[in-house]
Amino acid sequence: MAAVNILVAALLFHAVQYGDCMCELRHPQQQYCESDFVVLAGILDKDVIYHKEGFPMAIHYIVNIKKVFKAGPEYENATKTMIISSTSGSGVGELEMDVNYVITGTIMDDNLYTSICEWVKPYHNLTKAQKNGLRFKYDSGCQCEFSFCREGQCGQLDSNNTCEWEFGIMFDCYHDDGICFHNGEECVWRETRKFRQCENNIYLGDQKFTNEVIPDPM
């Protein structure tokens, strides 16, 4: 496994507030598809970088790459520098030693960058659908787009290439267990067993969902 130095950088979006940052609210699959790299990495060590005025500016993490889900083949065995932003503002905060994280981000000038707006989460906290998505299912839906809709406003898009994510009582079901893919004709949600369980635990009433959710054959 390759040992990699990680620094952190700031990438700001709009929608959800994390501290001083505004981040676009994105589905985990959307974060996977829009990222230049997606890795599973264990945190081995860190080095706090201070500004000349004495406040912490960034943390350089040394990590052990356990799995490269997405990136060029040169990142499999090479030592690389990932830049992560400071612990204040848009930083990802302090990552725990000896914990494996899924980390997404961008590649610029041969360096890896991530931030609080990216998907940085302990791997053991991922759902089964998210782990399966990282390994082989998320990639099958990267030609699809994701769009939020509110109750009563879904189904108005004139597009077969979009999975609509209703901002309502089913939000967590789609976030944690939903996988979007193209079935050859349109983009639809794949219904996993866990997704059906989540759906069954929620009172649906007359709520309708515009995108077809089809059973997972696996």
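A residue is called buried when its relative accessible area is under 20%.

**Figure 1. The whole chain in the predicted model.** The chain has 218 residues, and buried residues make up 47% of them. Its secondary structure consists of four helices and 14 strands. Of the contacts with a separation of 6 or more, 64% are between residues 24 or more positions apart. The chain exposes about 11400 Å², with 47% of that area supplied by carbon and sulfur atoms.

**Figure 2. The disulfide between Cys 33 and Cys 142.** A disulfide is a covalent bond between the sulfur atoms of two cysteines. The count for this chain is five, and in this one the S to S distance is 2.2 Å. Cys 33 lies in helix H1, while Cys 142 lies in the loop between helix H2 and strand E10, 109 residues apart. The torsion about the S-S bond is about -85 degrees, so the disulfide is left-handed. Cys 33 has a relative accessible area of 18%, which means that Cys 33 is buried, as the limit is 20%. Cys 142, at 28%, is partly exposed.

**Figure 3. The disulfide between Cys 144 and Cys 187.** The sulfur atoms are 2.0 Å apart. Cys 144 sits in the loop between H2 and E10, and Cys 187 in strand E13, 43 residues apart. Both Cys 144 and Cys 187 are buried. The link is left-handed, with -90 degrees about the S-S bond.

**Figure 4. The disulfide between Cys 173 and Cys 198.** Here the sulfur atoms are 1.9 Å apart. The pair joins helix H3, which holds Cys 173, to helix H4, which holds Cys 198. The two cysteines are 25 residues apart in the chain. Cys 173 and Cys 198 are both buried. The torsion about their S-S bond is about -80 degrees, so this disulfide is left-handed.

Conventions
Residues numbered from 1 in each chain as written. Predicted model: local features only at pLDDT ≥ 70, side-chain atom pairs only at ≥ 80, totals over all residues. Heavy atoms only, no water. Buried < 20%, exposed > 50% of the residue type's maximum accessible area, 1.4 Å probe, protein only. Contact = heavy atoms within 4.5 Å. Areas by Shrake-Rupley, 256 points an atom, 1.4 Å probe, with all protein chains shown as cover. Disulfide = S-S within 2.5 Å.
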